[in-house]
Amino acid sequence: MSAAKVLRWERRPDERPRELLEAALQVFARNGYRNTTLDEVAEAAGVTKGAIYHYFDTKEALLLGVIEHYQKLAFGRAELAIRDERLPASTRIRLLIRKMFSDTEGRRDLLALLVRGVTHEIPRVHERWLLGPARVWTMVARLVEDGKSRGEFRPDADGEVGARVLVSGLMLQLMWQQHAESVPALAMDADRLIDSSVELFLTALRPARSRARARRKRD
């Protein structure tokens with residue numbers, strides 16, 4: 001290990017767990033969980049393997065740490081964006097979906113690769129990851145209920161079903177973009193997918209009179 005890496009590690013002790021998790025995500029996604037060694041993660045992070053064991057007892061615990069870390073970051077951004085209850089429910093839904101699905105840090109594809117590789121290999125970790133999507137559609141469903149109570153959305157709308165379809169559909173479509181180079185029919189701009197999906201979702205929620213007004217404005 002180079003002296004530069006050791007010095008970098010020693011200068012920023014508060015950032016050690018984050019640097020470990022970022023390095024682990026890269027290595028796990030590249031090699032797959034089974035083929036990744038803690039020595040490789042340590043090398044990528046610029047630390048010794050002993051430093052990893054200071055924070056994580058096992059390779060599985062490190063993998064779980066990666067998933068929890070990035071879910072915490074994503075939900076932190078989303079909850080901050082929608083906390084203003086004065087905003088219309090539709091605006092808060094747009095903000096929530098944008099924060100959860102926009103790949104501003106270039107991590108979405110890596111996480112998708114990582115999770116796909118552990119679905120059957122480490123079901124406990126995969127089940128923990130699944131709590132993330134469930135939490136997203138629960139948040140969307142609650143915002144739908146808020147919109148219904150304000151008269152923004154039609155009262156008979158099934159917010160829970162709609163939220164599940166929106167979130168799971170976006171997840172699947174965005175994951176498929178990893179294969180777009182070999183299967184061109186799958187390709188689509190991520191921003192278009194996200195924004196248009198949300199608008200279709202919101203249009204279906206609005207009362208008929210609101211949809212009629214919107215059509216008249218377009219015409």
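Which residue forms a salt bridge with Asp146? I looked this up in the model, which is predicted. The partner is Arg150, and the closest N and O atoms of the two are 3.1 Å apart.

I then checked how open Arg150 is to the surroundings. Arg150 is partly exposed, at a relative accessible area of 40%.

The search gave 15 salt bridges. I followed up two more of them.

I took Arg128 and Glu68. These form a salt bridge, with 3.4 Å between the closest N and O atoms. I noted accessibility for each partner. Arg128 has a relative accessible area of 25% and is partly exposed. Glu68 is partly exposed too, with 35%.

I turned to Arg98 and Asp191. Their side chains meet in a salt bridge at 2.9 Å, N to O. Arg98 is in helix H6 (residues 89–101) and Asp191 in helix H10 (residues 190–205); the pair links distant parts of the chain, 93 residues apart. Is Arg98 buried or partly exposed? I found a relative accessibility of 26% for Arg98, so Arg98 counts as partly exposed. Asp191 is partly exposed as well, with a relative accessible area of 40%.

Terms used
Residues are numbered from 1 along each chain as its sequence is written. This is a predicted model: local features need pLDDT of at least 70, side-chain atom pairs count only at pLDDT 80 or more; totals for chains, interfaces and linings use all residues. Side-chain values use heavy atoms; hydrogens and water are left out. A salt bridge is a side-chain nitrogen of Lys or Arg within 4 Å of a carboxyl oxygen of Asp or Glu. Buried means under 20% relative accessible area, exposed over 50%, partly exposed in between (1.4 Å probe, protein chains only). Helices (H or I, at least four residues) and strands (E, at least two) are DSSP runs, numbered from the N terminus.
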